[in-house]
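Here is a short briefing to read alongside the model. Please keep the structure open as you go.

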Amino acid sequence: MLKNYFKIAIAVLKRRKFFTFISLFGISLTLTILIVLTAFLDVLTSPAYPDVNRSKELFINRIVLKSNKENYTSQSPASFYFVNNFVSKMKTPEKIAIHTGRNTTNAYQNNKKMEVELMHTNVSFWEVYQFEFVEGKAFNAQDLENAAQVAVISADTRSKYFGEGALALGKYVEANNIKYRVIGVVKSAPATMIYANSDIYLPYTLAKSGLKGTSLMGEYMVTLLARSTADLPLIKEEYSQLLKKVPHPEKNQEILLSYPDSYLESFTREIFGKGEGSGKDRFFLMIGIFVFLFMLLPTINLVNINVSRIMERSSEIGVRKAFGASSSTLVGQFIVENMILTILGGILGVLLSLLVIFVLNSSNLISHMNLTINLTVLGYSLLACLVFGLMSGVYPAWRMSKLNVVTALKANN
Amino acid sequence: MLKHLFKLIWNKKKENFLLISEVLISFMVIFAVFTLLVHNYRNYKLPRGFDYEQVWSVSLGDLGESKDKDSVGLMHENLRNALKSLPQIKELSFTSSNVPFSSSMYRTRVSYKGKELNTDIYRTEMSYKEVLQMQLVSGRWFSAEDNASAKKSLIIDKCGKEQLFGSGEAIGKMISLDGEEQKVIGVVESFKDKSDFKAPEPAIFTRIDTGNIKNIANILIRVTAGADATFEGKVYKLIASTMKSSNLEIKHLSDLRSSKNKETTIPMIIFFIVAGFLIFNVALGIFGVLWYNINKRRGEIGLRRAIGATASSVSGQLVGEAVVLATFSLIIGSFFAIQFPLLNVFDLPASVYLTAQFLAIVFIYLLVILCALYPGKQAAAIYPAVALHEE
């Protein structure tokens, strides 16, 4: 039976090549855009070099201080005081990485200007984030304690600073008029690794400010690595207990809020978060609405074309009905035919997205971003394909099944 | 004729329902595209009010804690003298961190006789106007005579002046800012400093004084045309050795401007690509459906030709039908589109929406006519003998 449907579908597709082209064009381009978007979201959120442990990690990126009446709010990353005296005393996490945000400064080498980003980190940072060392190694606790003027640089920085292919170990990089000895070179992290990518990594003891004082606001971020995913709720619990012990005596700072979030939540909280909620649900809702609106137009277009095509076959339908085919059989047949068309369009769409992704990757629009079509992405696009096929097939099939036998047979011209 | 066409479409409203809704949604997409385009283009055409070429912005970074205002003032003077001695530097001014095209903002509320205004505040010096080559509309910029005056003086831009004083005179009026009355001594051209695509907002320029000098960590430098990367490296070294800074950074305003503009243009380009693809898709769909409908009506067209209709009147009828169909969609679409200026969604001026709506209507008509022309021509080429014979 299915084989028959398949044969009919192919025959119909061959009959009106222009219509087939329009349908396939619409389906494949719609899917291409969806697949590329999914791949992009996937690269932003799923674990990859150097952040391979992401499913076991929680991120503390900001603390919020509010007044009792909530008419005064300030938020920023945490201070070193807060991180060092409270967060680093936590027991449940296996490792605690702390680092600052990226600070940009300039470097001048061989009459060229470079912009370099500096990040101050602790030693655990190198254990939580699995950087691949091209040369040398990370700084150790001894370097950190002695405030040794050493730096780990990225491979990109090495080739920009010392020239293509040159080795950097033991040489000096200069930033803010201070020379740092290079003790390690890591493979550059992609720009899509929002927290961990930087050009130069320094021990936090070299930071010129922010290490003293008891203010809670500062520029440090924390990554908590759990022993297993089962520990994540325990860490959240411990953190909320810990917050209660943090003194914040200043006026207008009566309420202290901060949450250890999963990677995705740490972004959605900033944009959609409300109170305790991380805003993840709203984020998915927005994506859903966008995808729906985006697919609406191509779907209506496809429905329109399908209705035209199906009416063209009214004589065939009339004959089948006259010989006793039920409406549901006809509807089933048409939906299957439409699915075959959609899946053909889907295959084209995947091929097109491979091309687009190849172009995007090789253009280096976002440095070191490596978009891929993996199983998740493929799964979602297959789902989109099926939904698309169903949505655009049901209405024409229903219209067709309503056809009156007599008019259908007569309408042939 | 037109009435007849309306009747034809109305009789087949069920068949045409899908086509109408498709054109309707396309209209809404095109309306959004044109609203964005018109809005951004209008802002782009507005004068900037200053010149950013050959201007560098130096961010001194965090100057550390425990600095008292006297030592900051001394450091500023040392730095100024050191930089001024370089021949490539024409003029420089210390300023708050909200330099043009930066992401930094400092906003506050000022009032004049009970009328309030949210405005950007820029801390500047006497040389600021020269560095950015701003144009005065009336009054004067800060000068040495302000040092002696009892009241603090400030300068407002044209945009802020119009919102606060309307068409009246601003010079000499007292504005309440930072909890004290300050005197307006000058009006400059509107200051479009957020990006080329953002309309100017009210701006007030005040002088750096002992109250805020601790937070001043930026310098704007106007350099001569010959200043290159080597010279920039020299300036960097000079500043770094004159003061202790944690993150010294020199940026060119022209670079800041292009990266700021990208915040508008890149999302816009992505949106246009997606919208363009949708419209192309729809155009093909309309084309296909019209073509199919005409093939279905060969008999009718043949009959009309047989009783003397000319080729152009036949193709005219088909194009006319498509236009009437589009009109149905556009009437419904305009009903929705007109709600935007009426309800003042997104805070854009009504004229932007109306222009966009007009352009979108023209675009949709053109699109539909274009899609109908070829099928119409084909219909006109039908020979009555052949068409009627088929029956």
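What is the mean pLDDT of chain B, and what share of its residues reach 70 or more? The mean is 86, and 97% of the residues reach 70 or more, pLDDT being the predictor's confidence in each residue, from 0 to 100. This is a predicted model, in which local features need pLDDT of at least 70 and side-chain atom pairs count only at pLDDT 80 or more, while totals for chains, interfaces and linings use all residues. Residues are numbered from 1 along each chain as its sequence is written, with chains lettered from A and ligands numbered from 1 in the order in which they are written.

**Overall form**
- The model scores ipTM 0.73 and pTM 0.79.
- Chain B has 13 helices and 11 strands (DSSP runs numbered from the N terminus: H or I, at least four residues, for helices; E, at least two, for strands).
- The C-alpha trace of chain B spans about 100 × 50 × 35 Å along its principal axes.

**The four-stranded sheet**
- In chain B, four strands form an open sheet in the order β2-β10-β1-β11, with antiparallel pairing (strands pair if DSSP finds at least two bridges between them).
- Strands β2 (89–95) and β11 (249–252) of chain B are at the edges with a single partner strand each, so one side of each has no neighbour in the sheet.
- Strand β1 (residues 55–59) of chain B runs antiparallel to β11(B), joined by four bridges.
- W56(B) sits opposite H252(B) in β11(B).
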